[in-house]
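Hi,

Here is the structure I promised to send over.

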Amino acid sequence: MSDILVIAKREFTERVRTKAFVIGTILGPIFMGGIMIVPAMMASKLAKSVSITVIDVEGSLRALVEESLRGGPESGEETDNLGRSRNRGTTQFVIKPPQGADLTAQREAAKQAVLNGTLDAYVVLPPAVLTESKAEYYAKSVTDFEGIRAVDRAIEKAVFGKRISAAGIDPAHVAALTKPLDLKRLRVSDKGEQEDRGVSFFLSLILVMMIYIGTLMWGQVVMTGVIEEKSNRVVEVIVSSTTPRNLLFGKLVGVGGAGLLQFGLWILALVGVSAASGSLAFLSGLDLPEINPVLIAAFPIFFLLGFFLYASLYAAIGAAVNTIQEAQNFIFPVMLPIIMAMVCWPLVMRAPDSTLSVVLSLIPFMTPILMFLRMSVLMPPVWQIALSVVLTSLTIAIVIWIAARIYRVGILMYGKPPNFPEMVRWVRHG
């Protein structure tokens with residue numbers, strides 16, 4: 001036991017003293033904070049102004065289109081043909097009247113204004129716009145999809161209003177009858193009801209990606225360390241004073257502790273940003289995810305489950321090969337289950353309490369990702385969480401036993417790397 005602790009301490013100290021660990025620990029919270037804060041700030045603060053001219057060949061729609069373009073930006077919303085509310089986004093329109101004595105002169109003046117930069121865009125409403133529902137949008141760049149959609153809806157609304165007026169129907173009456181439903185999403189819990197605007201999705205994504213990336217990244221660190229010690233013949237000196245099994249256990253504990261420390265600091269930073277969002281002026285009014293204490297407590301458990309499960313396999317691969325290039329042939333089969341867990345992520349996110357989601361989250365090689373995802377979306381019954389932890393722990397014990405046998409034989413073998421049948425024989429007779 002003392003050998004394992006000594007090796008674990010050495011591995012832990014060696015990892016946390018590297019520049020990569022320090023830089024990653026610092027940049028991680030900055031990156032996560034950017035993911036949460038920057039899009040929210042951009043959505044709430046950023047606004048784009050577009051100068052536009054409406055050239056009405058049809059003759060009766062210009063005022064209606066201009067009114068629709070002016071009316072949406074202040075409220076942030078617009079209505080479609082039936083009066084339904086549509087998000088206008090951040091585009092604000094500055095209406096400029098047409099210049100010229102006739103329609104031909106107006107089109108030429110608008111074209112020159114776009115070319116010299118004094119006008120962003122102009123719209124031409126042809127004579128048959130009411131019957132054919134066709135119009136033309138001119139600009140130097142036509143990749144402002146949000147602005148173009150807003151113009152399209154404004155013309156569509158004006159055309160629809162003109163049509164129903166011609167049919168003897170009051171457009172205001174139609175809009176009142178078809179007023180859209182404002183459906184709020186409220187998350188129900190023991191603490192009460194709370195509106196969910198979708199920000200909890202990003203928190204789930206961040207935490208699950210931390211487990212996924214951390215499991216593979218720190219597992220790779222274990223494998224790389226084993227290969228380096230083997231290629232440098234350092235392992236021959238180490239095993240003279242301890243057993244390969246203790247060396248494997250110590251390496252897993254030490255590297256796992258370093259990974260847990262790094263992600264623990266990231267989580268603390270995440271909690272700090274969430275807690276400070278109410279008191280910091282530049283964060284006020286932003287929709288930031290609420291931190292669930294249960295998820296914070298569960299994160300290290302599922303991270304360590306994933307790490308010990310996959311890092312044991314990575315260590316076995318490292319012991320069996322001589323170079324990183326040789327290890328590439330064995331890595332994909334090891335990564336396949338956790339990749340499949342990420343493939344199943346949208347399904348579990350959509351229906352976290354379905355039978356399929358429950359079954360997938362109880363598969364040990366998928367549990368660290370999918371069970372934690374279920375907990376972040378809709379807390380499953382306690383017995384399911386406990387069962388997943390027990391099943392994964394038993395699987396880890398079996399995997400470490402297999403990995404230790406491969407490690408004991410492969411760590412002192414050089415030359416041509418073994419194939420899978422040879423590694424199976426190592427397990428059976430090791």
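Predicted model: local features only at pLDDT ≥ 70, side-chain atom pairs only at ≥ 80, totals over all residues.

Let's start in the middle: the largest nonpolar core has 79 residues, and Leu207, Phe299, Phe302, Ile369 and Phe372 touch the most other members. By nonpolar core I mean buried Ala, Val, Leu, Ile, Met, Phe, Trp, Tyr and Cys residues joined through side-chain atoms within 4.5 Å; buried is under 20% relative accessible area, with a 1.4 Å probe and protein chains only. The top contributor to this core is helix 11 (residues 293-320), with 16 residues. Helices here are DSSP runs of H or I, at least four residues long, numbered from the N terminus.

Residues are numbered from 1 along each chain as its sequence is written, and side-chain values use heavy atoms, leaving out hydrogens and water.

Back to Phe372: skipping neighbours within four places in sequence, its contacts (heavy atoms within 4.5 Å) are Leu207, Val208, Ile211, Leu295, Ala298, Phe299, Phe302 and Thr367.

Across the whole protein chain, 43% of the 430 residues are buried. The chain has 17 helices and eight strands, strands being DSSP E runs of at least two residues.

Cheers

Note on methods: Buried < 20%, exposed > 50% of the residue type's maximum accessible area, 1.4 Å probe, protein only.
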